[in-house]
Amino acid sequence: MKEDWNHLINRNDNDNPVVPRLIYLDNAATTPTSPEVIEAMLPFYENRYGNPSATYDLGQKSKNAIEEVRELIADAIGAMPREIYFTAGGSESDNWALRGVAEGLGFRGNHIITSKIEHHAILRTCEYLEQNGYDITYLDVDEWGMVSLEQLRRSIRPDTILISVMAANNEMGTIQPITRIGAIARHYGIPFHTDAVQAFAQIPIQVKLQNIDMLSASAHKFRGPKGVGFLYVRENKRIPPLIHGGGQERHVRAGTENVPGIVGMGKAVELAMKSLQQRMTKESSLRDYLINQILNTIPDCRLNGSRNNRLPNNADFCFAGIEGGNLLVMLDADGICASAGSACSSGDAKPSHVLTAMGIPEELCRGAIRLTLNETITKEQIDFTVKKMAENISILRGEAS
Ligand SMILES: *Cc1c(COP(=O)(O)O)cnc(C)c1O
């Protein structure tokens, strides 16, 4: 008997005749924008188009709207509103944090500590800084993807001006011990930046309690709009301007604010914070179900990253004897969106820098597949996905009859 799975698949992409139905399991790449977010943004494209710098009421209404978002975000991470700067997303926040500190504190030293598994927004900026005379230490990670606090301590020098370690990894989901890293940074008086683009709105973060001096986040990773994010900078840490011009963002990032985007991000933060605990519980139980199903159903497969100390929505695997990219194409034909490693490096022929840093052999890295959930995914959709993965992997391995 032929099973009918069609009713299980979200009809959320009806405009696309090529892929009429989708099971979207690539939420680490980007997330579907919440309908409430779109609704909150619309008036700022329609009637509420005033420039926040204008003094008449229409302008001040826009100004008030973005200042409310600044308060909301500050509240969500335990910061003050004047410590939040709006940016065009995670990459910009990461670039600004690193280049800003390098420029601002270059007189004190030229040494920066980061990890081998950072997002390219950090790694490529570090390469740029290296070309400009900065010395970068890239911390190793263990087989679970955790940095060593001991190696961090040993790497600190009198000329170290910044420690930047991501809060959680975008590929295999391991959560770093940022509270302890923050304590070490504080002990030595070194600013600590964390790329929290994957972690913010997924796990609780409190910048003051965790001794975080700078934090990057991006709205489209938590069901907000694309092209907007923020950088938190602790009040006593000055950051040089990123864009020169008008006086927006306390004179450090000029340009008329992306008012609809910022308002949309605010709505996404509000929704995310309200549901944080409940989403963490729901997603981590779905994630564990998915991980168990895959490990029990598909032979020659390993879970990448820590079993428990991982983002609630992340499941990342290596399958021996296949190319992840080929599996992606087959899953796409079945209406399933997944990722082979990180979105930004797919298309590269090189195996993932994150997986190789964890000591996974290159051969096995080629068979990497990442599945990242959101709270709308159902158990039945997971069952369907596991079934399709098992079938397709068996075809790719040449086992199918
Ligand atoms: C997505 C991502 C970024 C980049 O954010 P954008 O808003 O897409 O520029 C940076 N760091 C991490 C960990 C990410 O997952």
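Author: Happy to! Let's begin with a word we will need: two strands count as paired if DSSP finds at least two bridges between them. Please keep in mind that this is a predicted model.

With that in hand, find the open sheet of three strands, whose order is β9-β10-β12 and whose pairing is antiparallel. Its edge strands are β9, residues 301–303, and β12, residues 368–372, and each of them pairs on one side only. On average, neighbouring strands in this sheet are turned by 25° against each other, ignoring direction. Now zoom in on one pair: β9 and β10 (residues 314–319) are joined in the antiparallel sense over three bridges.

In general, strands of a sheet pair through backbone hydrogen bonds, either parallel or antiparallel. That is handy for the next sheet, which is open, has seven strands in the order β2-β8-β7-β6-β5-β3-β4, and shows mixed pairing. Here β2 (84–87) and β4 (135–139) each have a single partner strand, so one side of each is left without a neighbour in the sheet. From one strand to the next, the twist averages 20°. For a parallel pair, look at β3 (residues 111–115) and β4, which are linked over five bridges; in β4, Tyr138 is the bridge partner of Thr114. Helix α2, residues 57–77, packs on this sheet, touching β2 and β8 (229–233), and its direction makes about 120° with that of β2. Helix α4, residues 120–131, packs on the sheet too, in contact with β3, β4, β5 (160–164) and β6 (192–195), and its direction makes about 150° with that of β4.

Finally, let's visit the ligand. It is surrounded by 13 residues, and the closest are Ser91, Asp195, Gln198, Ser218 and Lys221. Helix α3, residues 90–105, gives the largest share of this shell, three residues. Sorted by class, the shell has two nonpolar, eight polar and three charged residues. Several side chains come within reach of ligand oxygen atoms: Gln198 has an N or O atom 2.7 Å from one, Lys221 has a polar atom 2.8 Å from one, and for His220 the distance from an N or O atom is 3.0 Å. On its own, the ligand has 380 Å² of accessible area, and the protein covers 87% of that.

Definitions and conventions
Residues numbered from 1 in each chain as written. Predicted model: local features only at pLDDT ≥ 70, side-chain atom pairs only at ≥ 80, totals over all residues. Heavy atoms only, no water. Helix = DSSP H or I, 4+ residues; strand = E, 2+ residues; numbered from the N terminus. Axes fitted to C-alpha atoms, helices over the stretch in contact; angles between N-to-C directions. Near = heavy atom within 4 Å. Polar contact = N/O pair within 3.5 Å; in protein donor to acceptor, adjacent residues only side chain to side chain. Areas by Shrake-Rupley, 256 points an atom, 1.4 Å probe, with all protein chains shown as cover. Nonpolar A, V, L, I, M, F, W, Y, C, P; charged D, E, K, R; others polar. Contact = heavy atoms within 4.5 Å.
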